[in-house]
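Biologist: Let us go through this model together. I will ask, and you will answer briefly.

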Amino acid sequence: MRERITFVQKLGDSIDPSTLKVTDGVLSGPEVQAVLEDRLTIALDELPTELHTLLNSVHELHVRWVSPVAYEAVSPLLSRLPPGFHLFFTPARGDVDASDNLCPTLAHVFGDIACSTPADSFTPLQNDRFSHSSAFQYFQPLESLSHFIAYAQDQLCPPSDALCAARLNSLVLASSLDLSYDTISHTLKITALWPYQKQAVHAISWPELRTEVGVLSGEIPPNLEPHEVGLAGLLTVLGQDTKPSATMFAVPSRHRDAESKFSARFLEPTGTHPTLQIQLESNKPPSGGSYCSAHAYFTLPKSIFADKYQLADDLFLASKNLTALRYISQPVDLEAPEYVMKQWGSAVLLELSPPKSDKPQPWTTEVPLHLRYLAPSPGGYENIQVPYPAVFWACTAEEGTKFPTNPFERVNLGYDGLFGPRTVFWHVDPRPVSGSNRITNTIKVPVLDLDKAGWVNGVTAITVLVGFAWVAWKLAAVYVKSGYGSAPSSGTSSQIGDKKRQ
Amino acid sequence: MAQSSVAARSASASAGDQTSARKKKRVSFAAGSAPPDHPSAASSPAFSALFQRPLPLYFSAALLRVGLLLYGLWQDANSPLKYTDIDYLVFTDAARFVSRGQSPYDRETYRYTPVLAWLLLPTAHVGASPLWDAVWFSSGKVLFAAADLVAGWLLERVLTSSGSGLPGLDPVAARKFAAIWLLNPMVATISTRGSSEGLLGVLVMALLSAVMARRVTLAGLLLGFSVHFKIYPFIYAPAIVWWMDAERMGSGGADKKGSPAPGQNKSKSSLISRVTTFATPARIRLAAVSLSTFVCLNAAMYICYGPPFLTHTFLHHVTRIDHRHNFSPYNTQLYLASAFPDLSALRIESVAFLPQLVLSCFLIPIVLAKKDLPAAMLAQTFAFVTFNKVCTSQYFLWYMVLLPLYLPRSSFLKDGKLGIFALSMWVASQGLWLHQGYGLEFLGLSTFLPGLWLASLGFFLVNCWILGIIIADVLL
């Protein structure tokens with residue numbers, strides 16, 4: 001088991017090396033304004049049996065939870081995903097049916113995970129174009145890690161170890177959590193990220209755990225290539241080093257900071273065909289030289305979807321400041337109600353169409369979506385949470401640029417596999433709309449009100465019977481007057497009737 | 001009564017003395033001074049000139065459609081809100097798949113016979129200029145609009161014929177009633193927006209006109225094809241079969257004199273003899289031709305496209321949940337039942353077809369078909385749509401094409417107040433529903449209960465009331 005703790009400050013925020021103290025395997029220092037990343041690398045046989053068994057049936061598995069509470073990120077820990085519970089998965093030997101224990105295990109570890117089996121609930125990913133993409137995708141909104149924290153405390157901490165429980169408890173404030181496994185490394189990497197905020201530099205070494213602590217900040221080293229980011233700071237291996245050692249390096253990075261913001265909200269009234277309006281701060285692409293285009297990547301829960309046929313007309317797209325629907329996971333049922341859908345929902349990549357103007361200007365784009373019918377419930381309304389999309393400029397790096405794995409970078413994000421290997425993602429920072437701290441939107445969906453449904457069956461049946469009886473009565477009247485014969489005879493009989501009356 | 005079967009054999013022959021008085025009364029009512037409350041009542045010289053000869057009517061009907069088509073092209077090219085119906089994009093996408101040698105069912109939500117995609121193959125044509133491509137793309141709408149005109153012409157033919165045993169109208173009056181279909185802006189809009197319902201209109205009118213002309217084989221082919229095309233025309237089979245008795249078809253039995261209830265006179269005869277009397281050559285031929293047309297078409301499509309053909313064209317209608325709001329009285333109940341399949345003790349969806357089929361396939365044909373086949377078919381369609389598990393406004397077109405055949409004899413035209421009242425009830429109850437639907441769809445209000453539900457029940461009852469009048473009117 002290994003641990004890597006990294007404090008990452010913004011460019012120019014470096015700390016004085018003398019303020020860091022290393023004593024008896026404990027590193028302590030001042031409070032810094034930084035993002036904290038804590039990565040635990042665990043060998044397969046060190047895991048609880050349940051997870052060990054599960055990962056044996058898996059070729060590749062990435063679980064990525066992102067907090068619905070807005071948070072600030074810092075380069076190079078910038079790769080964004082919509083808030084919620086993401087899963088990217090490739091089964092061992094390509095046999096998706098062998099992983100039927102995946103969903104129950106995930107529910108056991110993370111709590112309210114609603115998938116049934118990978119075959120039913122997951123969507124296939126395009127893994128033919130770029131080999132690094134996993135085979136299947138799953139997503140659902142997940143409010144917090146509380147269930148995971150309880151599970152981890154139960155599995156990892158000895159009953160009397162309050163410190164262990166407290167450390168895990170700090171995940172309550174984490175902005176994201178990643179669990180990554182693949183058969184090549186045979187290890188599970190658990191990475192937690194805490195948002196950019198004031199925090200004390202503090203780390204303790206644990207028995208049987210090699211802990212490396214880095215206190216880094218953005219830096220511009222000499223000869224920095226355009227596709228690289230520079231970092232400088234202090235590294236300490238706890239229990240081994242007696243004082244931090246200085247370091248400076250540059251790493252190629254596919255995820256960069258576009259240094260602008262966006263927010264998203266649904267236009268009122270939402271109705272059953274809600275429109276998500278994305279408000280962007282700037283229409284200027286981040287890097288002047290290369291070709292860039294703005295994109296929004298959505299993971300839409302099954303209660304809401306985009307219609308690819310509606311998003312095929314250029315005039316319609318242009319009227320919404322959209323360029324094209326670049327990708328939508330398949331299949332997307334256009335008719336089924338939410339409560340019969342087994343599949344998780346759909347992933348959508350839209351290319352946005354910023355206004356062409358020389359001066360930077362704020363702009364909006366509108367994404368037409370459609371609600372599915374939800375199951376009837378008391379009160380007549382159900383709230384659904386729709387996560388913000390990840391919004392970024394995709395820019396093409398120079399010919400021949402290579403992006404070898406960088407120690408802070410994630411692959412398998414759902415959208416990275418949809419772009420070429422030379423693409424750099426310049427992330428636009430998601431900001432909540434005023435009065436909220438969340439990067440999700442709530443829609444109040446009208447449903448059949450169960451409180452009023454008591455009379456439905458009876459009154460419908462009676463009404464249909466009344467209607468039927470009325471029509472049958474009219475038919476009977478015709479039959480009694482003139483039988484089922486042809487019209488002239490009816491004329492005769494009515495004439496006879498007239499005569500009688502006369 | 002012998003003369004009625006003679007008259008029946010030649011469509012244009014005048015009826016005998018016995019009914020001539022009644023006929024004269026009807027014709028003069030419809031042709032001379034049009035009923036005061038009817039929309040076509042405004043009889044300015046220009047207006048009546050429209051009906052004196054066929055050309056002005058069909059020309060203006062065609063002009064209306066050309067105008068709408070061009071307007072549609074303009075709107076589609078210039079507005080993000082499209083004139084073209086979403087279904088037309090489904091058909092043309094499917095045609096594009098077919099043109100590439102793929103299955104039309106590769107297009108999601110294509111739930112029609114492959115024949116439709118084949119008919120629209122020209123829409124998939126891509127040439128050099130975008131302008132010509134747009135013309136090719138619109139060719140399907142041209143087809144649907146042309147089908148409207150043909151359906152209107154067939155309407156006129158059926159209206160002037162006395163084939164059903166009832167006297168025909170004179171051509172001018174017939175054209176006035178055909179105009180209800182031909183110049184109806186709703187009909188023209190639906191077909192030029194690219195909805196295929198107009199094709200059904202022409203098929204059903206062709207079927208009816210073939211039956212009235214005693215062209216049994218042609219009628220069988222059309223019936224088999226229509227049912228393959230859209231399923232619902234199967235309801236016409238019992239009516240047509242019942243109508244085609246030996247007396248009417250002139251294959252012997254002319255001496256039976258069309259007694260009110262032939263069966264009753266022969267109550268003591270054996271079952272076998274009754275069956276053999278019923279199974280006339282015409283009926284057997286109709287059954288054989290229509291059934292084999294239907295089976296052959298389906299077999300051919302199955303060979304071409306395999307199980308997806310069956311799944312999407314037919315099985316879809318069996319398995320669909322119908323949870324989305326529509327005019328059907330069953331809608332709210334079906335939404336409830338689909339969400340809680342275990343709770344409902346009596347599966348409403350498994351008995352809902354009973355009142356619908358009992359009326360439209362059994363009671364209405366038996367009582368009405370021999371008296372007035374077009375009115376019977378109208379009543380059948382009306383009952384089928386009213387009692388259906390799903391009901392949307394495009395289904396109204398199914399009976400609208402038959403309406404001009406019934407109106408000349410209807411109490412809605414005889415008693416203008418009743419007509420206006422019925423029409424306004426029909427429109428108002430629909431408006432009420434649409435108001436609730438607007439609240440749901442656009443404002444996001446939970447109007448399912450009680451608003452939408454009561455509105456759909458109200459609309460249902462209004463429809464039942466109208467249907468009752470249509471039924472009673474065969475005795476007028």
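Biologist: What share of the 476 residues in chain B is buried?
Modeller: First, a caution: this is a predicted model. Chain B has 26 helices and zero strands. Its accessible surface is about 19900 Å², with 70% of that on carbon and sulfur atoms. Of its 476 residues, the buried share is 55%.

Biologist: What part of the contacts in chain B with a separation of 6 or more comes from residues 24 or more positions apart?
Modeller: The chain contains 26 helices. Among contacts with a separation of 6 or more, residues 24 or more positions apart account for 72%.

Biologist: How much area do chain A and chain B bury between them?
Modeller: On the chain A side, 60 residues are in contact with 70 residues of chain B. Carbon and sulfur atoms carry 69% of the buried area. The total buried between the two chains is about 5700 Å².

Biologist: Which residues of chain A lose the most area to chain B?
Modeller: Three residues together make up 14% of what the chain A side buries. They are A:Y373, A:L475 and A:Y484.

Biologist: How many salt bridges are there between chain A and chain B?
Modeller: Side chains of opposite charge can pair when their charged atoms come close. The salt bridge count between the two chains is three.

Biologist: Which helix of chain A gives the largest share of the side that touches chain B?
Modeller: Helix 6 (314-319), helix 7 (456-482) and helix 8 (487-501) of chain A each supply at least two residues to that side. The largest share is 17 residues, and it comes from helix 7.

Biologist: Is B:A339 buried or exposed?
Modeller: B:A339 sits in helix 18 of chain B, residues 331-339. Beyond its neighbours within four places in sequence, B:A339 is in contact with A:Y339, A:A375 and A:P376. Its relative accessible area is 16%, under the 20% cut-off, so B:A339 counts as buried.

Biologist: How many of the nine residues in helix 18 of chain B are buried?
Modeller: B:A339 is one of the buried residues, and others include B:N331, B:L334 and B:Y335. Helix 18 is mostly covered. The buried count is nine of nine.

Biologist: Which residue has a side chain joined to that of B:K370 by a polar contact?
Modeller: B:K370 is in the loop between helix 20 (353-368) and helix 21 (373-386) of chain B. At 5% relative accessibility, B:K370 is buried. Its side chain makes a polar contact of 2.9 Å with that of B:D245.

Biologist: What is the relative accessible area of B:T113?
Modeller: B:T113 lies in the loop between helix 5 (86-99) and helix 6 (114-119) of chain B. Leaving aside neighbours within four places in sequence, its contacts are B:Y105, B:H228, B:F229 and B:T313. B:T113 is buried, and its relative accessible area is 0%.

Biologist: How many residues apart are A:R410 and A:D178?
Modeller: Their side chains meet in a salt bridge, 2.9 Å from N to O. A:R410 is in the loop between strand 22 (390-396) and strand 23 (423-430), while A:D178 is in strand 8. Both are buried, A:R410 at 15% and A:D178 at 6%. The separation is 232 residues.

Biologist: Is A:R326 buried or partly exposed?
Modeller: A:R326 forms a salt bridge with A:E351, with the closest N and O atoms 2.6 Å apart. A:R326 has 48%, between the 20% and 50% cut-offs, so A:R326 is partly exposed.

Biologist: Which residue meets B:K230 in a salt bridge?
Modeller: B:K230 is in helix 11 of chain B, and its partner is in helix 10, 33 residues apart. B:K230 is buried at 18%. The N to O distance is 3.2 Å, and the partner is B:E197.

Biologist: Which helix of chain B gives the largest share of the nonpolar patch?
Modeller: The patch covers about 370 Å² and is made by B:Y302, B:L310, B:L315 and B:V318. B:L315 is partly exposed at 44%. Three residues of the patch come from one helix, residues 307-319, which is helix 17.

Notes. Residues numbered from 1 in each chain as written. Chains lettered and ligands numbered in written order. Predicted model: local features only at pLDDT ≥ 70, side-chain atom pairs only at ≥ 80, totals over all residues. Heavy atoms only, no water. Patch = residues over 30% accessible without salt bridge, like charges linked within 9 Å, V, L, I, M, F, W, Y side chains within 5 Å. Areas by Shrake-Rupley, 256 points an atom, 1.4 Å probe, with all protein chains shown as cover. Salt bridge = Lys/Arg side-chain N within 4 Å of Asp/Glu carboxyl O. Helix = DSSP H or I, 4+ residues; strand = E, 2+ residues; numbered from the N terminus. Buried < 20%, exposed > 50% of the residue type's maximum accessible area, 1.4 Å probe, protein only. Contact = heavy atoms within 4.5 Å. Buried area = accessible area lost by both parts, 1.4 Å probe. Polar contact = N/O pair within 3.5 Å; in protein donor to acceptor, adjacent residues only side chain to side chain.
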